[in-house]
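Student: I would like to learn how to read a few features of a model. Please take me through them one at a time.

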Amino acid sequence: MHDKKRPMASALAAIVLGLTTTLSQAAPNTQEPRDMNAAVSETLSIRQQAIVPIGAFAAAGDIAKLNAALNQGLDAGLTVSDTKEILVQLYAYAGFPRSLNALGELMKVLEARKQRGIQDAPGHFPSRPIPKGDALLAAGTANQTKLAGAPVKGPLFDFAPAIDEYLKAHLFGDIFERDNLDWQSRELATVGMLAALPGAESQLQSHMGISMNVGLTASQLRQLAQVLADRVDAEHARRAREALERQLATKSGAK
C-alpha cells in the first residue's frame with residue numbers, strides 16, 4: 001500500500017506544516033547524532049550561512065542571484081551532494097518548477113567551475129537504504145514527530161488523509177531519511193525558502209520552532225535573518241525575524 005513514492009503538489013508540505021506551530025512548542029526532540037552538530041554554537045558557520053541565500057533565491061525563482069549564491073556556497077564548503085540535496089528538497093516547499101530550474105542552474109555552475117579548474121568536493125550518498133512500504137511510513141512518522149516535538153494531528157488530516165500519508169511517507173520518510181544532509185542544514189534551507197514566499201508566514205513560524213527542536217538556537221536564527229537582510233532581501237529578513245519572535249513568544253507563553 002505504501003510501497004510507491006508519491007509526488008507532492010507544490011508547497012503542500014509548507015501548507016500542512018503550518019498546523020504544527022503549537023505542536024513544536026513541546027520539549028525539544030532528541031535527534032540521532034548524525035543530525036546534530038557535535039557542539040552547540042551561538043553562531044552559524046560560514047557553510048551554514050551559505051545555505052540560507054541558496055534556499056531563498058531558489059524558492060523565489062531568482063536564477064541569476066541563485067548562480068552567485070551557489071558559487072558562494074561551494075566556496076564556503078558545501079559539497080555537490082549538499083547543494084543538490086537542498087535543491088531537491090526545495091520542491092516540497094516551492095514546487096517542482098522552481099526545484100528543476102534551480103538544479104539546472106547548479107549543473108551550469110558546476111560545469112563553469114570545472115572549466116575554471118575548480119574541483120568541488122562531491123560529498124556523500126545516503127549511508128543506508130531508504131525503507132519501503134510500511135517501514136517507510138513508520139520511519140517518516142517517527143521523523144515528523146521528532147521534528148515537530150510531538151505527534152502531528154489535526155482535522156485537516158482527517159479531512160484529507162492522503163496528504164497525511166504523503167507527508168509522513170514521502171517528505172519525512174523518503175527525504176528526511178536521506179542522511180547525506182543533516183537536519184539542521186535542511187531546516188536552514190527550509191527557513192530561507194519560506195522567508196522568500198509571501199503568504200507562508202505561519203509555516204515559517206512553525207519551522208522556526210522545528211529549527212530549535214533540531215538544535216539551532218534563537219541567536220543562530222536571528223543571525224539567519226541578518227544573513228537574509230545582508231545577502232538576499234530586507235522583506236525576507238523581516239518575515240524571518242517576525243516569525244522567530246512569534247515562535248519565541250508562543251513558547252514563552254506556554255511555560
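Student: How do the residues of the lining of the largest pocket divide by type?

Tutor: Ala, Val, Leu, Ile, Met, Phe, Trp, Tyr, Cys and Pro count as nonpolar, Asp, Glu, Lys and Arg as charged, and the others, Gly among them, as polar. Here the lining has four nonpolar, four polar and three charged residues. Among them are Val-80, Lys-84, His-124 and Arg-178. This is a predicted model: local features need pLDDT of at least 70, side-chain atom pairs count only at pLDDT 80 or more, and totals for chains, interfaces and linings use all residues. Residues are numbered from 1 along each chain as its sequence is written, and side-chain values use heavy atoms, with hydrogens and water left out.

Student: Is Asp-120 buried or exposed?

Tutor: Buried means under 20% relative accessible area, exposed over 50%, partly exposed in between (1.4 Å probe, protein chains only). Asp-120 has 18% relative accessibility, so this residue counts as buried.

Student: Which side chain joins that of Asp-120 in a polar contact?

Tutor: A polar contact is a pair of N or O atoms within 3.5 Å; within protein, one must be able to donate a hydrogen and the other to accept it, and residues adjacent in sequence count only if both atoms are side-chain atoms. The partner of Asp-120 is Arg-113, at 2.8 Å.

Student: How many aromatic pairs does the whole structure hold?

Tutor: Rings of Phe, Tyr and Trp (its six-membered ring) pair if their centres lie within 6.5 Å; planes under 30 degrees apart count as stacked, over 60 as edge-to-face and the rest as tilted. The search finds three. Tyr-91 and Phe-96 are stacked, because their ring centres lie 4.3 Å apart and their planes meet at 15°. Phe-176 and Trp-183 are edge-to-face, with 6.0 Å between centres and 70° between planes. Both Phe-176 and Trp-183 are buried.

Note on methods:
On a 1 Å grid over the protein atoms alone, a cavity is a set of points where a 1.4 Å probe fits but cannot get out, and a pocket is an open set with protein on both sides within 12 Å along at least five of seven lines; lining residues have an atom within 4 Å of a point.
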